[in-house]
Amino acid sequence: MSPTMDVHTQELSSAIEKLMSNGINNLKVQDRYIVPPHERPQMCDVSYSESIPVIDLKDLDGPNRTTLVHQIRRACEEDGFFQIVNHGVPENVMKSMMGIAKEFYEMPVEDRACLYSEDEKQPVRVFTSLNLSKDKVLNWVDYLTHPCHPLEEVIGSWPQKPAAYRDIAGKYARELRALILRLLAAISEALGLDSDYLNKILGKHSQVMNINYYPSCPNPDLTVGLPNHSDGSALTVLMQSDVSGLQVFRNGKWVAVEPIENAFVVNLGDQLQVVSNGRFRSVEHRAVTNMQSARISIPTFYSPSDDAFIAPSTSMVNKQQPALYRGYKMEEYVATFWKHELKGKSLLDRFKI
């Protein structure tokens, strides 16, 4: 065996050993996955009787647009999270995407491990937890991540297996971008701004899709899929599988976001909280594990490009409401993200004035 092949074999073996989806790591809760008692999700305190708003977008581009923009404004101010139905993304496109995501994690682990990287600058990669060098406790999750915009420039870098992945995920990414641009226009109007305001300030735009895989866990009380955090995006649009696991911090307690068939979960990211000068909120959320079933979620993170300058909109700032955040280039926010643990809203706090 040549030295090059030997190194490659060692790297592949190391990647397989680290992945939650290797068929071994999820059979027993190892010490490195055990969350300190005070940080563990207390499932007995989670509310299943209330949830985030559900908004029907059927007439978003029709005569009832003003009413829907008002609903979106209220959800952005009070919740920072809402589900959408009748959003225009074809059901078959959604089901195909979830199907190919499941197929990706059902492949032999070697086919995923060859994409493994702990380098956050690697745009297409499989990894586990978020930051192995910084996280004190590892999360019960594997990720596939890759950029989706500009689609024609990046699709050639996507996984080649399963064979239909690029075709199916490409159609899904195209539909999600169209949906998100419609949402950004409505959110701009909800802030009292021109409908293209958010579209303009995001620069060249960044669209990144993750496929998050949470294996079943023999002791969910000890682990967490994702700790409580807010997203660093401008807007995140999530497709859930039919397995529950997403929870949102709402009105002082954790609330389960139960999957609704053919719906998306929409949540505001930190960048919209900054642009709105705190009027709209990015809200803490988390993912929990369960004993019975693996769970897949597919978030699309829509963000400013690295060179975009993010600051409170001048129309959101006055003597009575001074700027709460300093302006910054998105690349500074991203660099800060990878230097620290994913924990609550501590990252956004670093940009407060």
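**Ala-308 and its surroundings**

I started with Ala-308 and looked up what it touches, leaving out residues up to four places away in sequence: Ile-201, Leu-202, Gly-203, Tyr-328, Lys-329 and Met-330. Contact here means heavy atoms within 4.5 Å. Before going on, a note to myself: this is a predicted model, where local features need pLDDT of at least 70 and side-chain atom pairs count only at pLDDT 80 or more, while totals for chains, interfaces and linings use all residues. Residues are numbered from 1 along each chain as its sequence is written, and side-chain values use heavy atoms, with hydrogens and water left out.

Where is Ala-308 found? I see it in the loop between strand S12 (295-303) and strand S13 (309-310). Helices (H or I, at least four residues) and strands (E, at least two) are DSSP runs, numbered from the N terminus. Buried or exposed, I asked about Ala-308 next? Ala-308 is buried, at a relative accessible area of 5%. The cut-offs I use are under 20% relative accessible area for buried, over 50% for exposed, and partly exposed in between (1.4 Å probe, protein chains only). I also checked Ala-308 against Arg-166: their C-alpha atoms are separated by 28 Å, and they are 142 residues apart along the chain.

**Rings**

Next I looked for aromatic pairs. The rule takes rings of Phe, Tyr and Trp (its six-membered ring) with centres within 6.5 Å; planes under 30 degrees apart count as stacked, over 60 as edge-to-face and the rest as tilted. By this rule I get twelve aromatic pairs. I picked Phe-127 and Tyr-143: their ring centres are 4.6 Å apart and their planes are at 20°, so this pair is stacked. Phe-127 lies in strand S3 (residues 125-128) and Tyr-143 in strand S4 (residues 142-147), so the pair ties together parts that are 16 residues apart in sequence. Phe-127 is buried at 4% relative accessible area, and Tyr-143 is buried at 2%.

I then noted another stacked pair, Tyr-328 and Tyr-333, with 6.2 Å centre to centre and 25° between the planes. Both of these tyrosines, Tyr-328 and Tyr-333, are buried. Tyr-328 was already in my notes, as one of the residues that Ala-308 touches.

Which residues do ring pairs link into a cluster? I wrote down Phe-104, Tyr-105, Trp-158, Tyr-165 and Tyr-213.

Charges over rings came next. I count one if NZ of Lys or CZ of Arg is within 6 Å of the ring centre and within 35 degrees of the ring normal. Phe-127 turned up again: the charged end of Arg-125 sits over its ring, 3.8 Å from the centre. Arg-286 lies over the face of Trp-254, 4.1 Å from the ring centre.

**Salt bridges**

Side chains of opposite charge can pair when their charged atoms come close. For a salt bridge I need a side-chain nitrogen of Lys or Arg within 4 Å of a carboxyl oxygen of Asp or Glu. How many salt bridges does a search of the whole structure find? It finds 17.

- Glu-78 bridges to Arg-74, with the closest N and O atoms 3.4 Å apart. The two are four residues apart in helix H2 (residues 65-78), so about one helical turn separates Glu-78 and Arg-74. Glu-78 is partly exposed, at 43%.
- Lys-200 bridges to Asp-196, with the closest N and O atoms 3.2 Å apart. Lys-200 is exposed at 59%, and Asp-196 is partly exposed at 29%.
- Lys-352 bridges to Asp-349, with the closest N and O atoms 3.6 Å apart. Lys-352 is partly exposed at 49%, as is Asp-349 at 41%.

I also found a network of salt bridges linking Glu-50, Asp-79, Arg-250 and Lys-253.

**Helix H6**

I looked up helix H6 (residues 165-190), which has 26 residues. From its first C-alpha to its last it reaches 36 Å, close to the 38 Å expected at 1.5 Å a residue. The expected span is 1.5 Å times one less than the number of residues. Just after H6, Gly-192 takes a positive phi of about 80°.

**Cysteines**

A disulfide is a covalent bond between the sulfur atoms of two cysteines. My cut-off is a pair of cysteine sulfur atoms within 2.5 Å. The whole-structure search finds zero disulfides. For Cys-44, the nearest cysteine sulfur is that of Cys-217, 17 Å away. Cys-44 is exposed at 69%. For Cys-148, the nearest is that of Cys-114, 19 Å away. Cys-148 counts as buried, at 3%.
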